[in-house]
Every structure is written in structure tokens, then in C-alpha cells.
Amino acid sequence: ELKNPKAGDSDEKNDLKQEEDDLFGSDSESEKPEEKNDNVDDLFGSDDEDDEDKNGDNDGNAEGEDAENDVDGETKLKNALERFEEDFNKSTTASIPLQYLAPASTHVIKICSSVLNETTTTNHKGKTDDSIVRIREHLSKCIAAVRERHFVDCLRVGISLESLLYQELQSKGSWSAMWYRHAYWCACISAAIGYAHECSFLLAMQYLDKAMIMGQERKSPV
């Protein structure tokens, strides 16, 4: 029987190929994708989880820093305003001469105290009147500002009280008692003291004119 020489060669080549695959591993096995070891991720955590944790920490730190900066900015502004008011109150550049400031302050304190003693927080119907409560609070602040020579508060409280009393006059057409007029005098004089201290003499004169229009004598009996 004759054998095909080509067939014998192919059989030998297949046998050699099989031996090489057994020794070094087949190409098909090397081409398989590497499987991920889930046990390693369970022990040490995955890279994705680490990235998420870092992003969360950064966001928290950023929010904390922003809040701290806001508080610091607000505190600094408040401190700067307090220093400005303190320096302004001690300023002697435009200080009102004592011979004018003393009688004006005494007049304001005397009238404010008289109005506080005369009034109560209730109206003629016996009910609490919010507008009277606010006016009494302003009068107490006015006394403190003039007595302590806190010119910033003299200006602030005087303007606010004058506006409050004038709104009361406009809404009702007239004041129901004489003490409203007296309180208006105190408000205008206090505002004038504050304006005069900062050299705003025209504004100070305007408030004094308002007081005189409402009956304040040009010369105080004090």
C-alpha cells in the first residue's frame, strides 16, 4: 500500500504543534480577556469609590471655607463700622461748641423724659398701640444718645423718630395729643445735633426749621 507523502508531513506538523501548545500554552488562551478579581476590590475598595470619596470631601471643605469667609467678612465689616462710629463720636473737627450743645442736650432730655412719663403703651381705648410703643422706644434711645454724646445715634434715632411721627400725622390727619408735637421737637433737635457734628449744617437747619414749624420756640427756656 502506498502512502501519500504530503499526508504524512501534515500529521507530523500537527504533532509538533500540539507539543508546543502543551509546553507554552496556546495562542487562543493568551487572547482571552483577563477576568477582574472581585476579591481584591472587596478587600481594598475600588478606584471608583476612592474618586467619589475624594470629590465628596472636596465639596465639603469648599462649603466650609465659603461659610468661614462669609462670617469673617461680616465680622470685619461690623468691627470696621464700630471703629468708624467711635472715631466719629470723638472727632473734634466739627464739634458743636459746649455753650450750644449743653442747653440743646438738656432740652431734649427734659422733653423726652416728660413725654415718657406722660404716655403709656395703650391708647384711649385701653388697647396696646404699636405706634406708641415704637415712639417710646425711640424716645428712650434719643435720651441715651444725647446724654452719652453718641452723635451717630443722635442722627440715626432722630431721623427715624421724625419720620415715624410724621407718618402718624399724615395717616390720621392730626396728632391726638400734645405730646406727639413735643416728641417731634426732640426728634428734630437730635437729628440736627448729629448733622451739625458732621458739618452738614444745611441739613441741621432744615430739621430745626421743621421743629419750629411744629411749635418749637426759637429760643429754649432752658
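**Aromatic pairs and a charge over a ring**

Modeller: Lys210 sits over the face of Tyr207, 4.5 Å from the ring centre; a charge counts as over a ring if NZ of Lys or CZ of Arg is within 6 Å of the ring centre and within 35 degrees of the ring normal. This is a predicted model, in which local features need pLDDT of at least 70 and side-chain atom pairs count only at pLDDT 80 or more, while totals for chains, interfaces and linings use all residues. Residues are numbered from 1 along each chain as its sequence is written, and side-chain values use heavy atoms, with hydrogens and water left out.

Biologist: Is Tyr207 buried or exposed?

Modeller: Tyr207 is buried, at a relative accessible area of 9% (buried is under 20% relative accessible area, exposed over 50%, partly exposed in between, with a 1.4 Å probe and protein chains only).

Biologist: How many aromatic pairs are there?

Modeller: The count is four, where rings of Phe, Tyr and Trp (its six-membered ring) pair if their centres lie within 6.5 Å; planes under 30 degrees apart are stacked, over 60 edge-to-face and the rest tilted. The pair of Trp179 and Tyr180 is stacked, because the centres are 3.8 Å apart and the planes at 20°. Both Trp179 and Tyr180 are buried.

Biologist: Which residues do ring pairs link into a cluster?

Modeller: The cluster comprises Trp175, Trp179, Tyr180 and Tyr184.

Biologist: Changing topic, what is the phi of Arg149?

Modeller: Arg149 has a positive phi of about 55°, although it is not a glycine. At 43% relative accessibility, Arg149 counts as partly exposed.
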